[in-house]
Amino acid sequence: MITVYIEEAHAVDEWPIGSRICYVQPKCDVDRIQIANDFIKATEYRIPLLIDPVSKTNPFSEVYCPWPIRFYVIDHMKKLSHIAEPIEGSFPLELIRNALGDAIQQCQ
């Protein structure tokens, strides 16, 4: 399982929501990496976290359209085997768990 940091969701220079953690939207990869490192330290986050490189298109965002939130399962053949879709405003975690279980079982 991995997490991809695509951009600052509520950057103070774009869409602030009064969070106690306030960052401007990163303008370069170094800034995005620093914010990701701050998050990892503050939350003791243990899942591998990648960043979407800062560019005009943000490659991961361009391909997967993960905004505001999406869950993808990539199987042992490196193919998308499940793309979670929100139902009535939330994600059915049971479906995601089942998709992850199926992918793990195929790897064994």
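Exposed means over 50% relative accessible area, buried means under 20%, and partly exposed covers what lies in between, with a 1.4 Å probe and protein chains only. The model is predicted, so local features need pLDDT of at least 70 and side-chain atom pairs count only at pLDDT 80 or more, while totals for chains, interfaces and linings use all residues. Residues are numbered from 1 along each chain as its sequence is written, and side-chain values use heavy atoms, leaving out hydrogens and water.

Start with the partner of arginine 97. Its side chain meets that of glutamate 94 in a salt bridge, 3.0 Å from N to O. The term requires a side-chain nitrogen of Lys or Arg within 4 Å of a carboxyl oxygen of Asp or Glu. Both residues sit in helix 3. They are three residues apart, about one turn of the helix. Glutamate 94 is partly exposed because its relative accessibility is 48%. How many salt bridges does a search of the whole structure find? The search finds one.

Now step back to the whole chain. Three helices and four strands make up its secondary structure. These are DSSP runs numbered from the N terminus: H or I of at least four residues for helices, E of at least two for strands. Read from the N terminus, the order is β-α-β-α-β-β-α. The C-alpha trace spans about 45 × 30 × 30 Å along its principal axes. The chain has 108 residues, and 19% of them are buried.

Two domains are assigned. Domain 1 covers 1-65 and domain 2 covers 70-107. The bounds come from an automatic or database domain assignment. Taken over C-alpha atoms, the domain centres lie 23 Å apart.

How far can the model be trusted? The mean pLDDT of the chain is 83, and 95% of residues reach 70 or more. pLDDT is the predictor's confidence in each residue, on a scale from 0 to 100. Helix 1 has the highest confidence, at 92. Helix 2 (residues 59-64) has the lowest, at a mean of 81. Where pLDDT is low, predicted coordinates should not be read in detail.

Return to helix 3, which runs over residues 93-107. Alanine 103 is buried because its relative accessibility is 9%. At 48% relative accessibility, isoleucine 104 is partly exposed. Histidine 76 is 28 residues away from isoleucine 104 in sequence, with 8.1 Å between the C-alpha atoms. Leucine 100 is a further residue of helix 3. Its relative accessible area is 31%, so leucine 100 counts as partly exposed. Proline 53 is 47 residues from leucine 100 in sequence and 26 Å from it, C-alpha to C-alpha.

Most residues other than glycine have a negative phi. Glutamate 44 is not a glycine, yet its phi is positive, at about 55 degrees. Where does glutamate 44 sit? The residue is in the loop between helix 1 (29-43) and strand 2 (49-51). Glutamate 44 is exposed because its relative accessibility is 57%.

Last, the cysteines. The structure holds zero disulfides. A disulfide is a pair of cysteine sulfur atoms within 2.5 Å. Cysteine 22 has a relative accessibility of 46%, so it counts as partly exposed. Cysteine 28 is partly exposed too, at 32% relative accessibility.
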